[in-house]
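Me: I would like to learn how to read a protein model. Please take me through it one feature at a time.

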Amino acid sequence: MGVDTGTGSGRRTVTGAVVAAVLVGAVAAGGPPAAAGGQGPRTERVNTAPDGSEAVGGGSFNAAISADGRYVAFDSEADNLVPGDDNDGTLVRDVFLRDRRTGTTRRLNAPLGHGNADFATISANGRYVAFNAETGGQYHVYVYEIRTGRLERADLDMDAGFTGGEAPALSADGRYVAYVGRQTTVPPEKEEMSRIYVRDRRTGTTRRASRVPTKEGRGYDSTRISADGGKVVYRERSRRGGGPGGERDWADIYLADLRTGEQRQIDTTADGLPATSGSTDPLISADGRTVAFNSSAKNIVPVPDEARSYVFVRDLRTGAVRRVDGVNGNQYADADAIGPDGRRLLLHSYGVEYGLYVKDLKTGKDTLVSPGTDGKPRAATAGPDGMTADGRKVVFESHLDDLVAGDTNYETDVFLRHTR
């Protein structure tokens, strides 16, 4: 078991007791295993201490769930989730992995020393977790192998001046890691401090995925990757932003086909006209066929309310694009996650009804996944890995205290909803 902390083309592996610390609490921080299925729709709290008590010392955020629902990763400021958590400090977060089958919790960034760690993602095969970690005063991307506890740095061998990375996304088998590369010196011509890169962990090579911009002041973020690692979606934005004095079309969604080298704008009309306003938060289905995004552009398809942003879904094979309205015809919603075949979306509703819903695009059915103890919708947010492959389990965060009984810690917690 070791930690690869390479820079440039070389690697350095550290082994010994410091690495073994990553497994602190893997047995001791257990509590009872998750209950067996067959109990009907229900909500459980994930970020609990070894004895099942509430998290204390800070909130928990950015939950991700494995495709089969066994693992939940999240980051937290709490200091009682595993024994020996010495990474204390104001607003300092660690990345935790909860094994729902065994009821154990691990602190994944323990071998890296003190510093923030956050924004974890889990490969679909349930073998790897990627996350950000602050080491040496800069954020880097690490990949953790669940079976062995081995840590490997992924933001390596980028263009000159790019020395850090964050916001990873993993292919289904964990071979490919897409992430936002950061430059700490002078930005390249026409660009800001960020580019999108993809690391092939098998060959040890890194390639740029984001396009070379045609306008000045461009930056890149919000990357997601298909299951086979062949397609990457991301956002290109302007530093001037939207609104008065800025660019009306301040952000666009692009897809990079890493096998053909094609760069394709996704937020367009069906016949290819670019969106007239900003688009954000791209999601790509595991099969690489469907991309969902949020946009305030009014020309992609007709919209009933000129003042709002909408969810759009594009079929990459046919080019067809559709608007997805929110719950019960309420248009005020964002897409937080997408199912592996593009059939289901996890929608964050913020109009008439605040809450999270799984929307079946084939049947139109909306399933509430953030009910309070009274069964009514509650405000909650989720990440792009917040839903299992079958849409039956969803992880999310909420600051409200009535999603489960006995919530008295006055902190943001991570919850898991069983929809059946």
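Me: In which strand does T205 lie?

Reply: T205 lies in strand β15. Helices (H or I, at least four residues) and strands (E, at least two) are DSSP runs, numbered from the N terminus. Before we go on, note that this is a predicted model: local features need pLDDT of at least 70, side-chain atom pairs count only at pLDDT 80 or more, and totals for chains, interfaces and linings use all residues. Residues are numbered from 1 along each chain as its sequence is written, and side-chain values use heavy atoms, with hydrogens and water left out.

Me: What is the mean pLDDT of the protein chain?

Reply: The pLDDT is the predictor's confidence in each residue, from 0 to 100. Here the protein chain has a mean of 88, and 88% of its residues reach 70 or more. Over residues 5-37 the pLDDT is below 50. That stretch still has 87 contacts in the model beyond near neighbours in sequence. Contact means heavy atoms within 4.5 Å.

Me: Which residues does T205 touch?

Reply: Leave out residues up to four places away in sequence, and T205 touches V198, R199 and D200. A C-alpha distance is another way to look at it. T205 and L156 are 49 residues apart along the chain, and their C-alpha atoms are separated by 8.2 Å.

Me: How do strands join into a sheet?

Reply: Strands of a sheet pair through backbone hydrogen bonds, either parallel or antiparallel. Two strands count as paired if DSSP finds at least two bridges between them. In this model, an open sheet of four strands has the order β12-β13-β14-β15, with antiparallel pairing. Its edge strands are β12 (162-170) and β15 (205-208), each pairing on one side only. Neighbouring strands of this sheet are turned by 35° against each other on average, direction ignored. For such angles, axes are lines fitted to C-alpha atoms, for helices over the stretch in contact, and angles run from 0 to 180 degrees between N-to-C directions.

Me: How many bridges join strand β14 to β15?

Reply: Four bridges join β14 (residues 194-200) to β15, and the two run antiparallel. Y197 has R208 in β15 as its bridge partner.

Me: And how many join β12 to β13?

Reply: Six bridges link β12 to strand β13 (residues 176-183), again antiparallel. F162 is paired with Q183 in β13. The two strands form a hairpin with five residues between them. In the turn, G174 has a positive phi of about 80°.

Me: Is G164 buried or exposed?

Reply: G164 lies in strand β12. G164 is buried, with a relative accessible area of 0%. Among the residues that G164 touches are Y139, H140, D155 and V180. G164 and Q183 are 19 residues apart along the chain, yet their C-alpha atoms are separated by 6.7 Å.

Me: Why is strand β26 largely enclosed?

Reply: Six of the seven residues of β26 (residues 354-360) are buried, so the strand is largely enclosed by the rest of the structure. Seven bridges join strand β25 (residues 344-350) to β26, in the antiparallel sense. R344 stands opposite D360 in β26. β26 also pairs with strand β27 (residues 366-368), antiparallel, over three bridges. There, K359 has D366 as its bridge partner.

Me: How is a pocket found?

Reply: Rolling a probe the size of a water molecule over the atoms shows where empty space is left. On a 1 Å grid over the protein atoms alone, a pocket is an open set of points where a 1.4 Å probe fits, with protein on both sides within 12 Å along at least five of seven lines; lining residues have an atom within 4 Å of a point. Grid points are joined across faces, edges and corners, and a volume is the space filled by probe spheres set on the points.

Me: Which residues lie nearest the centre of the largest pocket?

Reply: N62, F119, A382, G383 and P384 lie nearest its centre, out of 27 lining residues. About 720 Å³ of space lies in this pocket. Elements giving two or more residues to the lining include β4, β8 (117-122) and β12.

Methods:
Buried < 20%, exposed > 50% of the residue type's maximum accessible area, 1.4 Å probe, protein only.
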